[in-house]
2 protein chains.
Amino acid sequence: MDAIVTGPANLDEASQAEKDAPRDTGTLGKAMDVLEVIASSPEPLRFTDLLSRIDQPRGTLHRQVKNLIDEGLLFVNRDQTYELGLRLLRFAAKAWSRNRFREIAEPIIRKLHEATGETVHLGILSGTEVVYLDKVESRQTVRMHSQIGNASPAYCTGVGKAALSTIDDDKVRKLLAKVTFKKHTPTTLPGVDALIAELHQIRQAGVSYDREEHEPGIHCVAAPVFSRDGHLAAGLSVTAPVFRVPMVQLQEWSELVRETARQLSDEVNARLSPRS
Amino acid sequence: MDAIVTGPANLDEASQAEKDAPRDTGTLGKAMDVLEVIASSPEPLRFTDLLSRIDQPRGTLHRQVKNLIDEGLLFVNRDQTYELGLRLLRFAAKAWSRNRFREIAEPIIRKLHEATGETVHLGILSGTEVVYLDKVESRQTVRMHSQIGNASPAYCTGVGKAALSTIDDDKVRKLLAKVTFKKHTPTTLPGVDALIAELHQIRQAGVSYDREEHEPGIHCVAAPVFSRDGHLAAGLSVTAPVFRVPMVQLQEWSELVRETARQLSDEVNARLSPRS
DNA sequence: GCTTCAAATTCCATTATTTGGAACATGGTT
DNA sequence: AACCATGTTCCAAATAATGGAATTTGAAGC
């Protein structure tokens with residue numbers, strides 16, 4: 001398959017999305033906005049809560065919600081709060097099992113895990129976020145699945161910065177124009193300028209680091225995956241807790257990580273060819 | 001949360017869905033049909049393939065597909081075939097991690113796994129299919145995730161038949177009116193009448209068996225999870241290969257499985273109360 | 001058991017979006 | 001170079017979505 005960067009259209013159009021030109025996906029877009037609000041809310045929402053968060057009249061929103069429910073994309077709890085529906089799970093299972101990029105990457109990231117003994121992530125850029133497509137970790141069966149499919153901001157993760165490094169500066173600026181750089185930890189990058197500066201370093205070094213920028217106590221070394229024509233912005237990383245694995249160790253792994261990512265890039269470009 | 005049976009609306013309306021009254025979800029419904037066609041196709045589809053499978057004029061379908069792509073629900077490969085988009089993965093990850101039914105069930109199915117040593121599944125009815133919400137299995141890290149979110153027909157799986165047994169006969173008939181009973185193996189039930197007859201036995205016994213009805217060489221014992229007002233039709237099962245675990249062993253486990261399911265039912269009814 | 005009030009749901013004339021046929025572009029192949 | 005299959009754009013007509021207001025529901029207080 002040959003994944004393309006998804007999310008708010010492709011990179012070129014990404015800027016004029018959001019509020020200015022309200023993303024012309026018509027009725028579908030409005031329905032997805034509802035799903036997005038529900039997905040992003042920490043606590044369950046009732047109808048009135050939705051109403052206050054979405055700029056739509058009662059009747060309209062009500063019908064949209066009803067349609068989403070009828071389609072299995074949303075379900076109603078007994079206490080009249082809403083949750084994402086099971087049909088989304090079903091779709092995602094198919095999306096994942098058929099994703100050729102992930103499939104090609106699997107043996108490669110497994111090897112990287114065996115070499116380092118630490119958790120390895122494979123992530124791909126979707127809009128301004130990184131979605132984790134796969135991971136390999138030591139023991140741990142619990143929370144195993146919850147990680148896959150999770151999205152994190154690109155600007156504060158190793159994989160995210162690696163992925164962004166495959167994109168031109170000005171496109172990165174456009175893409176992240178609407179993103180607020182939330183300070184998750186003391187080392188989180190403060191804004192787009194600092195990020196662009198770091199991307200230059202990443203392009204030179206071929207690896208990126210997350211220096212506890214997203215979660216305190218967790219750092220990682222990552223490297224970008226290049227696809228021939230830039231239709232895919234992705235990266236892989238080795239992640240570890242600071243207390244067990246010092247930065248020096250990550251730096252020692254950097255060459256291995258970069259080489260592994262290069263190998264994956266080659267495989268992807270060979271096997272996800274146009275006209276396979 | 002307190003999951004309700006999703007899919008083609010609730011059970012009462014399920015019958016008049018599909019073709020007769022073409023499921024009045026308007027534009028959204030048509031968009032989801034496109035996703036469904038792509039999700040259900042074994043091989044990648046190009047635009048013309050889609051066109052032949054969906055009864056829509058060129059221009060219309062083209063705009064629908066474009067909207068789906070802009071929303072990140074679909075992506076285009078370099079060879080112009082379509083796949084489900086990463087945004088679905090992201091939604092599903094949230095849906096799963098927030099699902100309280102699954103959360104409540106986790107320790108319980110884990111215990112069942114420890115007692116039997118075999119694979120345990122937790123499934124919930126969505127339309128006419130069973131979606132696997134969770135599973136616990138022995139070793140195996142590979143393909144771990146692909147199973148979760150997968151859907152199988154309800155009529156030929158242990159969990160599916162258990163879930164259906166919590167629903168009145170006539171509602172089951174309505175629900176399955178449009179389903180074709182595909183003969184996956186020699187023992188697959190031939191039709192709805194045979195199924196209803198078996199559901200009677202299941203209600204009496206409190207457990208259901210999948211006697212290699214879905215996959216040759218695989219059988220299982222399952223039991224239904226009852227929710228107070230029938231807003232949730234689910235089941236759990238212990239699955240094993242025939243060559244290693246004989247039917248007699250499954251029968252010995254039946255009491256344990258039934259008891260475990262009863263325990264889960266109690267927890268669910270206590271903790272997913274209306275007005276939590 | 002009755003009243004109250006907020007929340008959810010339904011209704012329908014108006015308005016905006018989707019539709020669909022046909023013309024136009026593209027790019028790979030003979 | 002011409003062809004053919006596939007993908008893309010356009011716009012008047014048809015259809016579906018909109019949104020304000022009325023109605024129903026149901027939980028908590030009197």
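Two strands count as paired if DSSP finds at least two bridges between them. Helices (H or I, at least four residues) and strands (E, at least two) are themselves DSSP runs, numbered from the N terminus. With that in hand, let's walk through the structure. This is a predicted model, in which local features need pLDDT of at least 70 and side-chain atom pairs count only at pLDDT 80 or more, while totals for chains, interfaces and linings use all residues. Residues are numbered from 1 along each chain as its sequence is written, with chains lettered from A and ligands numbered from 1 in the order in which they are written.

Start with the sheet of chain A. Strand E3 (residues 119-126) and strand E4 (residues 129-136) of chain A run antiparallel and are joined by seven bridges. Look for Ser126(A), whose bridge partner in E4(A) is Glu129(A). These strands belong to an open antiparallel sheet of six, ordered E5-E4-E3-E8-E7-E6 (chain A). At its edges, E5 (151-153) and E6 (208-210) of chain A each pair on one side only.

Now turn to helix H1 (residues 26-40) of chain A, which has 15 residues. Its buried residues (20 or more other C-beta atoms within 10 Å of their own, with C-beta atoms placed from the backbone) include Leu28(A), Met32(A), Leu35(A) and Ile38(A).

Finally, find DNA strand D. It is surrounded by 18 residues (C-beta atom, placed from the backbone, within 6 Å). Among the closest are Pro57(A) and Phe47(B). H3(A) gives the largest share of this surface, five residues.

Key: Expected span 1.5 Å × (residues − 1). Buried ≥ 20, exposed ≤ 12 C-beta atoms within 10 Å, placed from the backbone.
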